[in-house]
Amino acid sequence: MSTEARRVEVYPDREVVVDFDPDLTFECVEECTWCCQHGVLLYEKDLLELAARESLAESTTQFRGQDFVRREEKERDEHVAEDGGACFFLREDGLCALHDEHDWKPARCSVFPLHVTVEEAPDGEDRELHVSIREEAEEHCEGLNVSERRVVDHLDAFLPELLWELDDPETYREL
Ligand code: SF4
Ligand code: SF4
């Protein structure tokens, strides 16, 4: 496999540098739910959108000054991490309550299994967003290379436009 960096325009004037194999394909395997067994960071816009749909007091928490959808211990054996916990919105049937009931989910839920980092542009005057595959995804995500859907052709499905507006769009922060 060749892993060659390439620049892709995701939205008008919104580019990323792709640091993963352009032949990589992805299709979420719903029964997997691995990435929903953790809390998820909420950007300010997400917080407002979530507040319009659900109780923030019940569903969110703060960690180091940032807002997250909280994890909670579930009374079940399926769709939970080893410690028995999962995202507040991950239902017993393995579906996301937000997605299923409101046809909406936080921006960061779309980004997985990708990972966004910021690097200085070659001209030294600007920054550029680099996209790679999260290390944990290589190990746990069942959706990699199981379909014909090339990630590089559908980057807008993973990367919400608000990422380009953030001071810090890096996606390493976890609860
Ligand atoms: S909000 Fe929904 S999509 Fe996001 S981590 Fe929780 S269950 Fe998964
Ligand atoms: S880890 Fe991958 S396959 Fe599993 S639920 Fe998340 S995106 Fe889907």
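Which helix and which strand each supply at least two residues of the lining of the second largest pocket? They are helix H1 (44-51) and strand E5 (66-69). Bear in mind as we go that this is a predicted model.

Let's stay with that second largest pocket for a moment. About 260 Å³ of space lies in it. Its lining is made up of 15 residues, and the ones closest to the centre are Leu-42, Tyr-43, Glu-44, Gln-66 and Leu-166. Sort the lining of this second largest pocket by class and you get five nonpolar, three polar and seven charged residues.

Now for the largest pocket, with about 1000 Å³ of space. Here 44 residues form the lining, and Cys-28, Cys-35, Cys-36, Lys-105 and Cys-109 come closest to the centre. The largest share belongs to H4, which gives four residues. In terms of class, the lining of the largest pocket holds 25 nonpolar, eight polar and eleven charged residues.

So what is in there? Around ligand 1 you'll find Cys-36, Cys-87, Phe-89, Leu-90, Cys-96, Leu-98, Pro-106 and Cys-109. That shell has eight nonpolar residues, with no polar and no charged ones. Ligand 2 has a shell of Phe-26, Cys-28, Val-29, Cys-32, Thr-33, Trp-34, Cys-35, Phe-112, Cys-141, Glu-142 and Gly-143. By class, the residues around ligand 2 divide into eight nonpolar, two polar and one charged.

Cysteines turn up in both shells, with Cys-36 among the residues around ligand 1 and Cys-28 among those around ligand 2. How many disulfides are there? The count is zero, going by cysteine sulfur atoms within 2.5 Å of each other. As for accessibility, Cys-28 has a relative value of 53%, so it counts as exposed, the cut-off being over 50%. Cys-36 comes out as partly exposed, with a relative accessible area of 27%.

The backbone has a few spots worth a look. Most residues other than glycine have a negative phi, and most peptide bonds are trans. Thr-33, one of the residues around ligand 2, has a positive phi, near 60°. Thr-33 lies in the loop between strand E2 (14-18) and E3. Is Thr-33 buried or exposed? With a relative accessible area of 6%, Thr-33 is buried, because the cut-off for that is under 20%. His-79 also has a positive phi, near 55°, and lies in the loop between strand E6 (71-73) and strand E7 (85-87). At 15% relative accessibility, His-79 counts as buried.

Then there's the cis peptide bond that joins Phe-112 and Pro-113, with omega at about 15°. Phe-112 is another member of the shell around ligand 2, while Pro-113 is found in the loop between H4 and strand E8 (114-120).

One last stop is Asp-19, found in the loop between E2 and E3. Asp-19 is partly exposed, at a relative accessible area of 30%. From Asp-19 to Arg-7 the separation is twelve residues in sequence and 9.1 Å in space, C-alpha to C-alpha.

Terms used
Residues are numbered from 1 along each chain as its sequence is written. Chains are lettered from A and ligands numbered from 1 in the order in which they are written. This is a predicted model: local features need pLDDT of at least 70, side-chain atom pairs count only at pLDDT 80 or more; totals for chains, interfaces and linings use all residues. Side-chain values use heavy atoms; hydrogens and water are left out. A residue is near a molecule or strand if one of its heavy atoms lies within 4 Å of it. Ala, Val, Leu, Ile, Met, Phe, Trp, Tyr, Cys and Pro count as nonpolar, Asp, Glu, Lys and Arg as charged, and the others, Gly among them, as polar. On a 1 Å grid over the protein atoms alone, a cavity is a set of points where a 1.4 Å probe fits but cannot get out, and a pocket is an open set with protein on both sides within 12 Å along at least five of seven lines; lining residues have an atom within 4 Å of a point. Grid points are joined across faces, edges and corners, and a volume is the space filled by probe spheres set on the points. Buried means under 20% relative accessible area, exposed over 50%, partly exposed in between (1.4 Å probe, protein chains only).
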